Amino acid sequence: MRQIGTDIDFAASLLNKGELVVIPTETVYGLAANAFDPKAVEKIYALKKRPKTNPLILHISSMEEAHKYVNDIPEVAQRLMNHFWPGPLTVLLEKSSIVPDTITAGSKKVALRVPRKEITLELLRKIDFPLVAPSANPFTYISPTRPEHLLYCYGANTPYILDGGACEEGIESTIVGFENNEVVVYRVGAITVEEIEKISGCSTRLFAKNEDAEVTPGMHHKHYSPRTKVLLASIEEIKKMENENRGWITFSERIERPNSFFLGESGLK
């Protein structure tokens, strides 16, 4: 089978048959399946080796579609959705009866978002079901932001990759919920807490994580973990190190070396 391409019709045909497809979003690449097909959802958990206590995010094509899958959208949630969708914001809301418990790990709430990549939005408009699409990496590993990362992870077992080029954000969506007129940030991601607070107009707090409960995706105690050794060093120490087989991230000063990334000019984002 073809491993990579931009054929939306082919991707849609695979999803309709209960197969997995890797989809691009502005955050990271996701491993997608028909949210209403239990066997297809099972394939996601099996390929990623992801525990079934870890819920999945529902990807939809528009804000209007959200009303099918949730019982109520609080006013503050609507403000955030109006501003950040399509985009890297995931909202956690009380699910409607048509949303299967298999994708929420038994929770009465569902996480959903509208991604910003146009090729994926076209795919979502072409099919008549939403997609669950956790990051396409094996469980606990770092998330893929380019198609070739998937070939590295899965090799010949890689599902068809819908090629959307490099992801613009490169980290996961920010996940928020709503309790007592307060915004709760369950996972910090591509949208900052300050941005959330500015648009919501109400108090915002970080969720006090309980290791025994994975309320939303991304809350497992070990997540997004590189397997490569990471060294923390001063800029002076870095300048004395050999280049061989290393990458470099610096903040205070740019160094002219291969695989070097300087984060000092535009900030952490």
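**Ser143**

I started with Ser143, which sits in the loop between β7 (131-132) and α6 (147-154); helices (H or I, at least four residues) and strands (E, at least two) are DSSP runs, numbered from the N terminus. This is a predicted model, where local features need pLDDT of at least 70 and side-chain atom pairs count only at pLDDT 80 or more, while totals for chains, interfaces and linings use all residues. Residues are numbered from 1 along each chain as its sequence is written, and side-chain values use heavy atoms, with hydrogens and water left out.

Is Ser143 buried or exposed? I get a relative accessible area of 16%, so Ser143 is buried (buried is under 20% relative accessible area, exposed over 50%, partly exposed in between, with a 1.4 Å probe and protein chains only). Its side chain makes a polar contact with the side chain of Glu172 at 2.3 Å. For a polar contact I need a pair of N or O atoms within 3.5 Å; within protein, one must be able to donate a hydrogen and the other to accept it, and residues adjacent in sequence count only if both atoms are side-chain atoms. I also checked Ser143 against Gly87: they are 56 residues apart in sequence and 17 Å apart in space, C-alpha to C-alpha.

**Arg257**

Next I went to Arg257, in the loop between β12 (248-250) and β13 (260-262). Arg257 is buried yet has no salt bridge (a side-chain nitrogen of Lys or Arg within 4 Å of a carboxyl oxygen of Asp or Glu). The nearest side chain of opposite charge is Glu242, 7.7 Å away; Lys and Arg count as positive and Asp and Glu as negative, with His and the chain ends not counted.

What does the Arg257 side chain reach, then? I found the backbone oxygen of Lys239 at 2.9 Å and the backbone oxygen of Met241 at 3.3 Å. Leaving aside neighbours within four places in sequence, Arg257 is in contact (heavy atoms within 4.5 Å) with residues including Ile238, Asn243 and Trp248.

**Salt bridges**

I count twelve salt bridges. One of them joins Asp9 and Lys126 at 3.0 Å, N to O. Asp9 lies in helix α1 and Lys126 in helix α5 (residues 118-126), so this pair ties together parts that are 117 residues apart in sequence. Asp9 is partly exposed at 47% relative accessible area, and Lys126 is partly exposed at 47%.

Glu26 and Arg113 also form a salt bridge, with the closest N and O atoms 2.6 Å apart. Glu26 is in the loop between β2 (21-23) and β3 (30-34) and Arg113 is in strand β6 (residues 109-113), so the pair ties together parts 87 residues apart in sequence. Both Glu26 and Arg113 are buried. I also noted a network of salt bridges linking Glu179, Glu182 and Arg205.

**Core and cysteines**

Which residues touch the most other members of the largest nonpolar core? Of its 64 residues, they are Trp85 and Leu112. The core here is a set of buried Ala, Val, Leu, Ile, Met, Phe, Trp, Tyr and Cys residues joined through side-chain atoms within 4.5 Å. Helix α1 (residues 8-16) gives the largest share of this core, six residues. Not counting residues up to four places away in sequence, Trp85 touches Ile60, Met63, Leu80 and Leu112, among others, and also Arg113.

Last, I looked for disulfides (a pair of cysteine sulfur atoms within 2.5 Å) and found zero. Cys167 is buried at 12% relative accessible area, and Cys202 is buried at 16%.
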